[in-house]
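This report describes a single protein chain, going from its overall make-up to selected residues. The sequence and the structure are shown below.

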Amino acid sequence: MNAILDDATPNDTVLNNNSVNNATQTFALNPQCADISILLHQVGATIHAGDEDDKLIVHFRHCSPADFRVSYDAELIIVENITLPWERFDPARWWRFPHLDITVPVRERLHSLRLEADHAGLIVKNVAAQKLSLQIGGGSCALNRVTAGESSVRIDSGSVRWHGRLGNITLDCDNGSATIHGMPPEFGYDAQLRNGSIRFGSHYLHGGIVADSKLGTPHATVICSNGTAEIR
């Protein structure tokens, strides 16, 4: 898959700008491109919907485009870092930390949005997707006004805070915390608790090995090993 800069010829998938100044790249997308993956390691990002339906815009804050690969085909676009911008970070200028600002196409609903953050912080705002996949391996993710018809969330360590509108959700909280607000009152759940605690509205599960379920739609499947989860 090749990244194609807007108003440019096809480019290599590794962006070849070595500047560490604030840079912006705009990518023209096929109208059928409705699946987005953002895979980041030790680099934070803010992700939000823009005003155009055929472009993805990446602002590189205090990092180089050469640290990243942006690639896509007719249906999928992937943004991922291939080196660590923090290796050039100057602690004396601590406010100039590497960060991406990603504007995704405005669509009535994206088909899928896949987010993976390893020791990084994510902020996601005003995005709607039929399917949302989120994996946190250290770090945090805040989702505000985010809508997903179906979602899968895995927290190996770190935290997730989600305020929005949710349909069916699978949550695997291995070691961390999840606060998810946006389920309708009639939602059901299947819960498995090994340690830690789970709260469904006013219903509270904690300590030891506990299993509980409740009929309802949409449905939450929750596994909590050594963390805490709140869904309502």
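## Fold and contacts

Among the contacts in the chain between residues at least 6 apart in sequence, 56% join residues at least 24 apart. The model is a predicted one, and its chain contains 0 helices and 17 strands. Of the 232 residues of the chain, 45% count as buried, while the chain as a whole exposes about 10900 Å², with carbon and sulfur atoms supplying 48% of that area.

## Confidence of the model

The pLDDT averages 86 over the chain, and 85% of the residues score at least 70. Over residues 1-19, however, the pLDDT is below 50, although this stretch has 55 contacts in the model beyond near neighbours in sequence.

In soluble globular proteins, nonpolar side chains tend to be buried together. In this chain, the largest nonpolar core has 61 residues, and those with the most contacts inside it are Leu-56, Leu-100, Leu-134 and Trp-162. Strand E10 (residues 128-173) provides the largest share of this core, namely 16 residues.

Which residues does Leu-100 touch, not counting residues up to four places away in sequence? Its partners include Leu-40, Val-43, Gly-44, Ala-45 and Thr-46, and also Val-58, His-59, Phe-60, Cys-63, Phe-68 and Val-79.

## Phe-97 and its loop

Phe-97 lies in the loop that runs between strand E6 (76-81) and strand E7 (99-104). With a relative accessible area of 38%, Phe-97 is partly exposed, because this value falls between the 20% under which a residue is buried and the 50% over which a residue is exposed. Phe-97 and Val-43 are 54 residues apart in sequence, and their C-alpha atoms are 8.9 Å apart in space; Val-43 is also one of the residues that Leu-100 touches.

Ser-225 is placed in the loop between strand E16 (219-224) and strand E17 (227-231). Is Ser-225 buried or exposed? Its relative accessibility is 9%, and Ser-225 therefore counts as buried, given that the cut-off for this class is under 20%.

When residues up to four places away in sequence are not counted, Ser-225 touches Cys-173, Asp-174, Arg-194 and Asn-195. With one of these, Arg-194, the contact is also polar, since the side chain of Ser-225 makes a polar contact of 3.1 Å with the side chain of Arg-194.

## Salt bridges

The count of salt bridges comes to 8. In one of them the side chains of Lys-55 and Asp-54 meet at 3.6 Å, N to O. Lys-55 is buried, with a relative accessible area of 18%, whereas Asp-54, at 30% relative accessibility, counts as partly exposed.

Another salt bridge is formed by Arg-154 with Asp-172, where the closest N and O atoms are 2.7 Å apart. Arg-154 counts as partly exposed at 31% relative accessibility, and Asp-172 counts as partly exposed at 23%. Glu-230 forms a salt bridge with Arg-232, the closest N and O atoms being 3.2 Å apart; here Arg-232 is partly exposed, with a relative accessible area of 45%, and Glu-230 counts as partly exposed at 24% relative accessibility. Elsewhere, salt bridges that share partners join Glu-52, Asp-54 and Lys-55 into one network.

Key:
Residues numbered from 1 in each chain as written. Predicted model: local features only at pLDDT ≥ 70, side-chain atom pairs only at ≥ 80, totals over all residues. Heavy atoms only, no water. Helix = DSSP H or I, 4+ residues; strand = E, 2+ residues; numbered from the N terminus. Buried < 20%, exposed > 50% of the residue type's maximum accessible area, 1.4 Å probe, protein only. Polar contact = N/O pair within 3.5 Å; in protein donor to acceptor, adjacent residues only side chain to side chain. Contact = heavy atoms within 4.5 Å. Areas by Shrake-Rupley, 256 points an atom, 1.4 Å probe, with all protein chains shown as cover. Core = buried A, V, L, I, M, F, W, Y, C linked by side-chain atoms within 4.5 Å. pLDDT = per-residue confidence, 0-100. Salt bridge = Lys/Arg side-chain N within 4 Å of Asp/Glu carboxyl O.
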